[in-house]
Amino acid sequence: MTRLDRLTVYPVKGLDGIDLEATDVLAGGTLAHDREFALFDADGEVVNGKRTDRVHDLETDFEPSTATLSVTAPDGERRQFDLETDREAAADWFGDFFDAELSLERDESLGFVDRREMGPSVISTATLETVASWFDGMTVDGARRRLRANVEIGGVDPFWEDRFVGEDAPAFEIGDVRFEGVTPCGRCVVPQRDPDTGEPTDEFRRRFVERREETFPDWADRDAFDHYYTLMIITRVPERDRGRALEVGDPVDTRRQ
């Protein structure tokens, strides 16, 4: 059965994700707690993995019910911050770590997603398995952490998600929430790094592009893809379906248009 296998959100932009059993689609069209917080420097620029590989030196966890962020530094130091009441203290700690004057901002209506007019990112488990097979020593979970999708679909073929972008592309539903594909996701430098160490994988981009081109599905709309350094899609949830919940195990229906 085609189903929702995994829901992942990234409470602090650029830091580790957390897996959820269920979450709501916000009024802005994104998932609750996804990029809800972000670190900004004095110039208003966000701190994330595109900007610094030091994000990989931190291990973080987040408890949505209490807005508690747990952080483990490379030297083993562990801290907890209540992001309801303690954001300034958290910003000071991260500022010391990144050697910058930082503020920790919150957006509960949309989150600090890159594409603010769009919604969740979607990939299939089979796609992750295929990408992991392209690189010696890469695990499926390692591929998952490099690519950082929100919604993972099981019970389908590799690159299943590619069919939902392009001219006249169909939509799909997870439970009673409709997802419309908007664009393939062009990748940045982050997937090229080991998510634990931050070390770059040799010739990652070259091999990725070669294998992506070789395995590009015949049924996908090539004109929708500017290049082959893309993986997963960015979707939009129509306004009428926002406020509804998604739950792991929900069936996925591609028949309704």
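The buried residues of α2 are T125, A126, T127, L128, T130, V131 and A132. Buried denotes under 20% relative accessible area, exposed over 50%, and partly exposed the range in between (1.4 Å probe, protein chains only). Helices (H or I, at least four residues) and strands (E, at least two) are DSSP runs, numbered from the N terminus. The model is predicted: local features need pLDDT of at least 70, side-chain atom pairs count only at pLDDT 80 or more, and totals for chains, interfaces and linings use all residues. Residues are numbered from 1 along each chain as its sequence is written, and side-chain values use heavy atoms, with hydrogens and water left out.

Helix α2 spans residues 125-133. Seven of its nine residues are buried, so the helix is largely enclosed by the rest of the structure. Its buried residues pack against β1 (3-9), β9 (121-124), α3 (140-147), β10 (151-154), α4 (204-215) and β13 (230-236). Contact here means heavy atoms within 4.5 Å.

Strand β9 is covered on both faces. S121 and I123 lie on one side, V122 and S124 on the other, and all are buried. In a regular strand the side chains alternate between the two faces of the sheet. Two strands are taken to pair if DSSP finds at least two bridges between them. β9 and β13 run antiparallel and are joined by two bridges. In this pairing V122 stands opposite I233 of β13. β9 and β10 run parallel, with three bridges. Here I123 stands opposite E152 of β10.

A nonpolar core is a set of buried Ala, Val, Leu, Ile, Met, Phe, Trp, Tyr and Cys residues joined through side-chain atoms within 4.5 Å. The largest such core has 47 residues. L83, F94, F98, I153, I174 and L246 touch the most other members. Helix α1 gives the most to this core, with six residues. I174 touches L4, V151, I153, F179, L246, D250, P251 and V252, residues up to four places away in sequence not being counted. Another core, of 19 residues, lies apart from the largest one. Its members include L128, W134, F159 and F208.

Three strands form an open sheet in the order β5-β6-β7, with antiparallel pairing. β5 (59-63) and β7 stand at the edges with a single partner strand each, so one side of each is left without a neighbour in the sheet. Neighbouring strands are turned by 15 degrees against each other on average, direction ignored. Axes are lines fitted to C-alpha atoms, for helices over the stretch in contact, and angles run from 0 to 180 degrees between N-to-C directions. β5 pairs with strand β6 (residues 68-72) in the antiparallel sense over five bridges. T60 stands opposite V71 in β6. Helix α1 packs on this sheet and touches β6 and β7. The direction of α1 makes about 145 degrees with that of β7.

A salt bridge is a side-chain nitrogen of Lys or Arg within 4 Å of a carboxyl oxygen of Asp or Glu. The count by this rule is 22 salt bridges. D5 and R3 meet in one, at 2.8 Å from N to O. D5 is partly exposed at 28% relative accessibility, and R3 is partly exposed at 29%. R54 forms a salt bridge with D57, with the closest N and O atoms 3.7 Å apart. R54 has a relative accessible area of 32%, and D57 one of 31%; R54 counts as partly exposed, as does D57.

The side chains of E84 and R106 meet in a salt bridge at 3.1 Å, N to O. E84 lies in the loop between β7 (78-82) and α1 (87-98) and R106 in strand β8 (residues 102-106), so the pair ties together parts that are 22 residues apart in sequence. E84 is partly exposed at 47% relative accessible area, and R106 is partly exposed at 23% relative accessibility. Salt bridges with shared partners join R6, D19, D141, R144 and E152 into one network.

Cysteines were searched for disulfides, each a pair of cysteine sulfur atoms within 2.5 Å. The whole structure holds zero disulfides. The sulfur of C185 is 7.8 Å from the closest cysteine sulfur, in C188, too far for a bond. C185 is buried at 5% relative accessibility, while C188 is partly exposed at 27%.
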